[in-house]
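This briefing concerns the chain shown below. Topics run from the overall fold to selected residues.

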Amino acid sequence: SIFFPHRRFEDLVDAIEILIKKGHTNIHLTINGLNDRSYDYYLFIRDRIIKKNLLSYITIINGLSEPELKKRYAESDIFVFPNNNQTWGLAVFEAMLAGCACVVSKGSGAHEVLTDKENTLLVDPKSPEKIASAIALLIENPLEMERISKNGVMFVKNNLSWDAYTRQMLE
């Protein structure tokens with residue numbers, strides 16, 4: 001990822017604060033993003049984390065290599081894509097394929113091919129409360145998290161692979 005305002009990382013920071021206030025303290029958010037393109041936005045997010053006293057719950061990583069990114073996906077339970085006015089969102093499908101249950105903003109293009117409560121949880125854009133509720137639902141219902149995760153993996157394999165693309169083009 002890259003730090004740009006349309007990424008809406010502030011919604012993630014605020015959602016973590018909401019979750020902690022509701023007693024969900026066994027959580028950790030990692031924000032992965034290159035900060036050299038919109039350094040002011042990066043500082044805004046960093047300062048927000050500090051101001052809200054969330055340094056023990058949120059880590060910012062300034063870009064990951066491909067192998068490191070795959071490892072992070074595999075180690076994660078939930079992937080949140082809060083972007084607004086984003087044309088697509090390849091990271092959503094990478095995370096799904098790695099087995100993450102995904103929470104996706106309806107402000108991203110990716111949401112148009114996904115099904116709420118089947119292979120993802122869709123939330124309104126710019127809504128930390130809805131993000132927090134979706135994360136809480138997954139945390140509090142491990143079987144639901146597992147079901148959405150498995151459905152997400154199957155969705156990507158069946159619909160977004162090169163084989164599926166080739167089949168669709170030939171048809």
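Which pattern does the chain follow when read along the sequence? The pattern is α-β-α-β-α-β-α-β-β-α-α-α, from a chain with 7 helices and 5 strands. Helices (H or I, at least four residues) and strands (E, at least two) are DSSP runs, numbered from the N terminus. The model is predicted: local features need pLDDT of at least 70 and side-chain atom pairs count only at pLDDT 80 or more, while totals for chains, interfaces and linings use all residues. Residues are numbered from 1 along each chain as its sequence is written, and side-chain values use heavy atoms, with hydrogens and water left out.

**Overall dimensions**

- Along its principal axes, the C-alpha trace spans about 55 × 35 × 30 Å.
- Of the 171 residues in the chain, 46% are buried. Buried means under 20% relative accessible area, exposed over 50%, and partly exposed in between (1.4 Å probe, protein chains only).

**The open sheet**

- An open sheet is formed by 3 strands in the order β3-β4-β5, with parallel pairing. Its edge strands, β3 (78–81) and β5 (121–123), each pair on one side only. Two strands pair if DSSP finds at least two bridges between them.
- Neighbouring strands of this sheet are turned by 15° against each other on average, direction ignored. The axes are lines fitted to C-alpha atoms, and angles run from 0 to 180 degrees between N-to-C directions.
- Strand β4 (residues 101–105) pairs with β5 in the parallel sense over 3 bridges. V104 stands opposite L122 in β5.

**Surface patch**

- W88, L90, V113 and L160 make a nonpolar surface patch of about 340 Å². Like charges are joined within 9 Å, and nonpolar side chains (Val, Leu, Ile, Met, Phe, Trp, Tyr) within 5 Å. Accessible areas come from the Shrake-Rupley method with a 1.4 Å probe.
- W88 lies in the loop between β3 and α4 (90–97), and W88 is partly exposed, with a relative accessible area of 34%.

**Start of the chain**

- S1 is placed in the segment before α1 (9–21) and counts as partly exposed at 42% relative accessibility.
- S1 and N119 are 118 residues apart along the chain, and their C-alpha atoms are separated by 22 Å.

How values were computed. Patches are made of residues with over 30% relative accessible area and no salt bridge: like charges are joined within 9 Å, nonpolar side chains (Val, Leu, Ile, Met, Phe, Trp, Tyr) within 5 Å. A salt bridge is a side-chain nitrogen of Lys or Arg within 4 Å of a carboxyl oxygen of Asp or Glu.
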